[in-house]
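Please keep the structure open while reading.

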Amino acid sequence: MRTPTPPPDHHLGSDRARVRVLIVEDDDTIGRHLETGLTGGGYAPTWSRTGTGALTEAERTRYEVVLLDLGLPDADGLDLARRLRTRYPNLLIIILTARDTEIDVVAGLDAGADDYLVKPFSLTVLLARLRAHLRRHPAASPQEQPLRLGDLTVDPAARRCLLGEQELTLRPKEFDLLTVLARHADTAVSRETLMAQVWDENWFGPTKTLDVTMASLRRRLTEAETTARASVRLPRITTLRGHGYRLET
Ligand code: CA
């Protein structure tokens, strides 16, 4: 008897970036199975075996989907789901659980997960669920939508920044910095996160370059505000001593 081949993921056209999936699973067999299956299904998976590793990975790269095992050696899966949900509101979180009691499923969904699969699950079912979620969850698609902050629009896909109708010219790092802050609007963003996401994921040196770029970004926003013809509402960037920054809309 032939095993039916799962249908190709048609929504993942070749002109679009592949959907990034973070697998958080300590079991070697399941992790490898997921990694291979997702790659075959047209996704770009990254596999993390620990909760700590998963949080670091999620800070480093923007993921659209997390497949989260609840039984991890170093972290409580429910707690991890809660933290991921708070930090990344648009992330699609699917919990993978061997615990099939109703109470665990309810707790997982309450913790912020969008869906769950009880182990052992079939890869075909997982891929079908992913397709269904991604169709209804456009915010999780890799084509990032423009971010609107008062009268300021940051469009990461087009790399444009507009104040009303007027284009605002920013240097590349100023743009990247504004984008990261805008993605986490009204949330505190640590200096480490900014250094990692704007400069280099393995950056361990002094962070003076962040202060310099932040100062010039603020200057450009202030200039744009003063030269704007009409009165405009611009986001404020507040310094959080000993932590980082928060962009306030
Ligand atoms: Ca486990």
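Helices here are DSSP runs of H or I with at least four residues, numbered from the N terminus. The model is a predicted one. With that naming, glutamine 197 belongs to helix α7, which spans residues 191-199.

Along the chain it is 138 residues from glutamate 59, yet the C-alpha atoms of glutamine 197 and glutamate 59 are separated by 7.6 Å.

Helix α7 packs with helix α6 (residues 172-183) at an angle of about 130°, and the two axes are 9 Å apart.

Helix α1 (residues 28-40) and helix α5 (residues 123-136) have axes that come within 11 Å and cross at roughly 55°.

**The calcium site**

Which residues are the protein donors of the calcium ion? They are Asp26 and Asp69, each through OD, and Gly71 through O, at 2.3 to 2.4 Å from the ion. In sequence, the spacing of these donor residues is D-x42-D-x1-G. Aspartate 69 is buried, because its relative accessible area is 4% and the cut-off for buried is under 20%. Glycine 71, at 38% relative accessibility, counts as partly exposed.

**Pairs that are apart in sequence**

Glycine 51 is a residue of helix α2 (residues 51-60). Its relative accessible area is 2%, so glycine 51 is buried. Serine 231, in contrast, sits in the loop between α8 (208-227) and β11 (236-240). With 74% relative accessibility, serine 231 counts as exposed.

| Residue pair | Separation in sequence | C-alpha to C-alpha distance |
|---|---|---|
| Glycine 51 and proline 73 | 22 residues | 8.0 Å |
| Glutamine 197 and glutamate 59 | 138 residues | 7.6 Å |
| Serine 231 and aspartate 151 | 80 residues | 9.6 Å |

**Backbone features in loops**

Proline 120 is found in the loop between β5 (115-118) and α5. The peptide bond that joins lysine 119 to proline 120 is cis, with omega at about -5°.

Aspartate 186 lies in another stretch, the loop between α6 and β10 (188-190). What is the phi of aspartate 186? Phi is positive there, about 65°, although aspartate 186 is not a glycine. Is aspartate 186 buried or partly exposed? Its relative accessible area is 44%, so aspartate 186 is partly exposed.

**Rings**

How many aromatic pairs are there? The count comes to 0, where a pair needs ring centres within 6.5 Å. A ring does take part in another kind of contact: the charged end of arginine 49 sits over the ring of tryptophan 47, at 3.9 Å from the ring centre.

Key: Residues are numbered from 1 along each chain as its sequence is written. This is a predicted model: local features need pLDDT of at least 70, side-chain atom pairs count only at pLDDT 80 or more; totals for chains, interfaces and linings use all residues. Side-chain values use heavy atoms; hydrogens and water are left out. Donors are N, O and S atoms within 2.8 Å of the metal (3.2 Å for Na, K and Ca); water is not among the atoms, so sites may look incomplete. Buried means under 20% relative accessible area, exposed over 50%, partly exposed in between (1.4 Å probe, protein chains only). Rings of Phe, Tyr and Trp (its six-membered ring) pair if their centres lie within 6.5 Å; planes under 30 degrees apart count as stacked, over 60 as edge-to-face and the rest as tilted. A charge sits over a ring if NZ of Lys or CZ of Arg is within 6 Å of the ring centre and within 35 degrees of the ring normal. Axes are lines fitted to C-alpha atoms, for helices over the stretch in contact, and angles run from 0 to 180 degrees between N-to-C directions. Helices (H or I, at least four residues) and strands (E, at least two) are DSSP runs, numbered from the N terminus.
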